[in-house]
Number of protein chains: 2
Amino acid sequence: MESNFTERLRNAQSACDSMVCVGLDPDIAKLPEALRQKYATPEAAILAFNSAIIQATAPYACAYKLNAAFYENLGSGGFSTLAATIDLIPNHALCIVDAKRGDIGNTARSYASSIFDLLGADGCTVAPYMGFDAVQPFLEYRDRATFVLVRTSNPSSDELQSLIVNGKPLYEHVASLAAAWGEKSSGSVGFVVGATKPHELQRLRDQHPTIPFLIPGVGAQGGSVKAAARAATSKGLVLVNSSRSILYASPNKDFDQMAAKATRKLRDALNQTNH
Amino acid sequence: MESNFTERLRNAQSACDSMVCVGLDPDIAKLPEALRQKYATPEAAILAFNSAIIQATAPYACAYKLNAAFYENLGSGGFSTLAATIDLIPNHALCIVDAKRGDIGNTARSYASSIFDLLGADGCTVAPYMGFDAVQPFLEYRDRATFVLVRTSNPSSDELQSLIVNGKPLYEHVASLAAAWGEKSSGSVGFVVGATKPHELQRLRDQHPTIPFLIPGVGAQGGSVKAAARAATSKGLVLVNSSRSILYASPNKDFDQMAAKATRKLRDALNQTNH
């Protein structure tokens with residue numbers, strides 16, 4: 001039986017025929033000049049920016065991912081801006097809070113409550129290094145998805161993730177562990193797998209045919225759109241995230257329309273490969 | 001030559017003859033009833049609680065560690081409460097923000113700025129799974145300490161950390177990598193090593209004689225005070241953290257005096273073993 005999250009993701013993807021997730025990672029220094037001058041505070045400018053991006057891209061996006069770092073660096077107004085942005089996401093789309101949290105049990109419970117109860121996110125990301133008890137409090141929210149970092153898209157990701165354990169790279173062990181955590185908790189586990197390592201992405205999909213993948217790394221990071229699309233199957237859904245190449249598609253007043261165009265283009269490229 | 005952070009830590013420890021770090025991880029449900037009733041908001045009650053704890057324990061604590069989770073779950077008032085608590089820490093003591101962050105370069109930069117620029121922390125904790133580029137933005141603040149999770153104190157920590165890579169457990173590789181990150185960036189790297197694994201703690205100290213260790217897990221988690229004390233040498237400083245067994249030493253009005261007593265007791269137990 002499909003988990004509640006997978007079913008909701010499937011519906012969200014059907015609604016706009018898209019597996020694109022728009023990354024709402026606003027950097028005040030990169031916002032259009034006109035917008036920055038119009039608002040008195042960075043928080044207000046960012047909220048207006050996010051609102052315009054969401055409205056313009058909504059026809060082509062099944063989800064929005066908000067990286068907590070880009071709100072925390074606003075200080076005390078950050079959490080409100082994050083929460084207010086989440087309120088702007090249309091009903092058909094899902095909301096992922098990308099916070100990569102990982103801490104001991106009672107602390108992880110606090111983080112999970114912040115993300116799922118206070119912010120009402122549909123999914124979040126977590127770090128695997130501390131093991132099951134650091135992830136379990138997230139998995140207890142069974143109708144939300146907990147995406148475990150398996151294979152990340154950054155240049156240094158090999159340092160730990162490619163270390164060989166019993167003849168296999170560490171990230172394959174992490175994938176198997178994470179899948180087992182999902183089963184033993186009856187939670188909705190997903191994997192974060194970067195598009196910058198196409199062969200590994202395919203191999204992980206072969207090994208884990210039904211687990212939802214959140215795939216960063218296309219766009220500014222140069223990952224493979226084709227590999228991301230190929231990881232999407234009838235049973236194994238993917239969310240393909242792009243942040244900077246959508247948000248900053250234009251530095252001018254037409255930023256929202258150009259963001260919509262970039263989102264549509266990514267959607268079509270993914271669908272073309274996949275169909 | 002000692003790093004600026006090590007020098008400051010040495011001074012902080014001399015000032016109160018203590019290697020105790022008090023973990024300010026306030027859980028509103030565990031605060032004394034009288035205090036909860038006196039204040040209109042959880043934020044105000046927590047700030048009053050933290051203030052009393054800091055004032056009472058300051059003679060016996062060289063540092064305070066604030067776990068971000070216990071502030072984030074307050075919502076929009078959380079960051080202000082965290083910042084206001086940091087402002088209450090006396091000059092002689094250091095402030096560690098325990099956030100265990102880890103993300104790709106441009107995102108890690110945002111987190112580092114939030115912790116070091118906005119909050120003005122002396123140190124923070126980070127997760128190692130993504131490799132060097134996720135840690136580098138923190139290490140660029142050379143006078144602050146970046147404590148990398150090496151061997152954590154929680155029950156599930158073996159799942160990944162004890163996997164054998166080339167005949168050695170993964171956490172030993174992480175320790176060597178983290179030490180190398182510190183060297184190549186000229187940053188101040190530290191290790192988080194739980195007191196719940198005494199032999200491993202000792203082995204890590206033998207392998208890395210000069211790196212500062214942040215040691216959680218004594219107190220509520222049952223870690224060894226003796227092992228923590230033995231890891232402290234003239235060259236290799238340690239910060240021994242206790243949270244719950246200090247904060248909740250008494251559920252009554254005398255909570256601050258009992259917290260002071262618990263801090264002093266831990267300080268003396270550490271010093272007795274060490275001297």
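Is B:Phe116 buried or exposed, and what is its relative accessible area? B:Phe116 is buried, with a relative accessible area of 1%, where buried denotes under 20%, exposed over 50% and partly exposed the range in between (1.4 Å probe, protein chains only). The model is predicted, so local features require pLDDT of at least 70 and side-chain atom pairs pLDDT 80 or more, while totals for chains, interfaces and linings use all residues. Residues are numbered from 1 along each chain as its sequence is written, chains are lettered from A and ligands numbered from 1 in the order in which they are written, and side-chain values use heavy atoms, without hydrogens and water.

**Aromatic pairs**

- Over all chains, the structure contains 14 aromatic pairs (rings of Phe, Tyr and Trp, the last by its six-membered ring, with centres within 6.5 Å; stacked under 30 degrees between planes, edge-to-face over 60, the rest tilted).
- One of them, B:Phe5 with B:Phe147, is edge-to-face, at 6.0 Å centre to centre and 80 degrees between the planes.
- This pair links helix H1 (residues 4-16) of chain B, which holds B:Phe5, to strand S5 (residues 145-151) of chain B, which holds B:Phe147, across 142 residues; helices (H or I, at least four residues) and strands (E, at least two) are DSSP runs, numbered from the N terminus.
- B:Phe5 and B:Phe147 are both buried.
- The B:Phe116 and B:Tyr141 pair is tilted, because the ring centres are 4.9 Å apart and the planes are at 45 degrees.

**Aromatic cluster**

- A:Phe49, A:Tyr248 and A:Phe255 belong to one aromatic cluster.

**Charges over rings**

- A:Arg205 is placed over the face of A:Phe213, 3.9 Å from the ring centre (NZ of Lys or CZ of Arg within 6 Å of the centre and within 35 degrees of the ring normal).
- In chain B, B:Arg205 lies over the face of B:Phe213 at 3.9 Å from the ring centre.
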